[in-house]
Amino acid sequence: MKQNENFITTPYLEFDREHWATLRDSVPLTLTSNELLELKGINEELSMEDVIEIYLPLSRLLNFYISSNLRRQAVLEQFLGTNDAKVPYIIGIAGSVAVGKSTTARLLQALLTRWPEHRKVDLITTDGFLYPNQVLKDRNIMKKKGFPQSYDMRKLVNFVSQIKSGARNVAAPVYSHLTYDIVPEQQQVIDQPDILILEGLNVLQSDMDYPHDPHHVFVSDFVDFSIYVDAAPQLLKKWYVGRFLKFRQGAFSDPDSYFHNYSKLSEIEATNIASSIWDEINGLNLEENILPTKERASLIMTKGEKHSIQNVRIRK
């Protein structure tokens, strides 16, 4: 644990990679190399060393928190003399576009599912709660996709509230990164998991981020443990441009892709467009709406080059 001049004033305990890795204790590695490949995102470096040194200790910590939460639920039920519906433990994962939230979410789902308790772990992204493209066009905010005003926050809060109440078969809209839009009449149904991992740009946002749509309850009010995946802005832009170029050669070549026209660009043209999109949309959203939520997280993981996690900070 790093001792520095800010230690007294910060609400976080900070660990370098080496010290954090020792907190794995005897947690076994339950992922194979092939499974790890399936979990990796586009343009991401994720090594078995990352899993062993960073994510296994994190899964151990989360297992302690979840077990403690279950004990508290049992105490309340004993006090009230009730046997209420199972209340899922919600883990929120936030951070910038291109930082690797989805890979972190999928990896934690895989690890937490493999614990001896055999808990049911579901994963959902907040992308499904974006307004459909037609609504964004009608409101002239297509270039604000991912910004607070582009989400149906009331629908998202209602969904998370139902999950937290122990409701069964709660449906969420589905978003397609191919068509860049909500998929009509398609839903993802969540049925009383032990753990729900909720991943998205906005899971740590609160009322100050939604002055255009004032209401009193937010997703962050239902999250039991939150993780912010962090990286320097220049790295995020580099990763975004690299991912865009890979999509140009792959997903964008699909005629059904919303970005199909980008597949015809030269590498220089594609690089320039990706850079502009970052500067005008994703980078701006990071600075204005995402980065300010970082210090609300229970745990902050900071990445360096090649997505390697350099240090972990956990709230005291």
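This predicted model holds 10 salt bridges. The exercises below look at some of them, then at a helix pair.

**Exercise 1.** Which parts of the chain does the salt bridge between arginine 60 and aspartate 25 tie together?

*Solution.* 
- Step 1. Check the contact. The two side chains meet at 3.6 Å, N to O. The cut-off is 4 Å.
- Step 2. Place the residues. Arginine 60 lies in helix α3 (residues 48–80), and aspartate 25 in the loop between α1 (17–22) and α2 (33–39).
- Step 3. Conclude. The pair ties together parts that are 35 residues apart in sequence.

**Exercise 2.** Describe the salt bridge between glutamate 35 and arginine 114.

*Solution.* 
- Step 1. Give the distance. The closest N and O atoms are 2.7 Å apart.
- Step 2. Locate the partners. Glutamate 35 sits in helix α2, and arginine 114 in the loop between α4 (101–113) and β3 (121–125). They are 79 residues apart.
- Step 3. Glutamate 35 is partly exposed at 24%. Arginine 114 is partly exposed too, at 32%.

**Exercise 3.** Where do glutamate 305 and lysine 238 lie in the chain?

*Solution.* 
- Step 1. Start from the bridge. Their side chains meet at 3.2 Å, N to O.
- Step 2. Locate them. Glutamate 305 is in the loop between β8 (299–303) and β9 (309–315), and lysine 238 is in helix α7. The pair is 67 residues apart.
- Step 3. Glutamate 305 is partly exposed, with a relative accessible area of 48%.

**Exercise 4.** How do helices α7 and α8 cross?

*Solution.* 
- Step 1. Two packed helices are described by the angle and the distance between their axes.
- Step 2. Read them off. The axes of α7 (residues 233–249) and α8 (residues 267–290) come within 9 Å and cross at roughly 135°.
- Step 3. Classify. Angles over 145 degrees count as roughly antiparallel, and 65 to 115 as roughly perpendicular. The two helices are therefore oblique to each other.
- Step 4. α7 passes α8 in a right-handed crossing.
- Step 5. Look at the contact. Among its residues are Leu236, Tyr240 and Phe244 of α7, and Ile273, Ile277 and Trp278 of α8. By class, the contact has 12 nonpolar, 3 polar and 4 charged residues.

Key: Residues are numbered from 1 along each chain as its sequence is written. This is a predicted model: local features need pLDDT of at least 70, side-chain atom pairs count only at pLDDT 80 or more; totals for chains, interfaces and linings use all residues. Side-chain values use heavy atoms; hydrogens and water are left out. Axes are lines fitted to C-alpha atoms, for helices over the stretch in contact, and angles run from 0 to 180 degrees between N-to-C directions. Helices (H or I, at least four residues) and strands (E, at least two) are DSSP runs, numbered from the N terminus. Angles under 35 degrees count as roughly parallel, over 145 as roughly antiparallel, 65 to 115 as roughly perpendicular and the rest as oblique. A crossing is left-handed if the near helix is turned anticlockwise from the far one by less than a right angle, and right-handed if clockwise. Contact means heavy atoms within 4.5 Å. Ala, Val, Leu, Ile, Met, Phe, Trp, Tyr, Cys and Pro count as nonpolar, Asp, Glu, Lys and Arg as charged, and the others, Gly among them, as polar. Buried means under 20% relative accessible area, exposed over 50%, partly exposed in between (1.4 Å probe, protein chains only).
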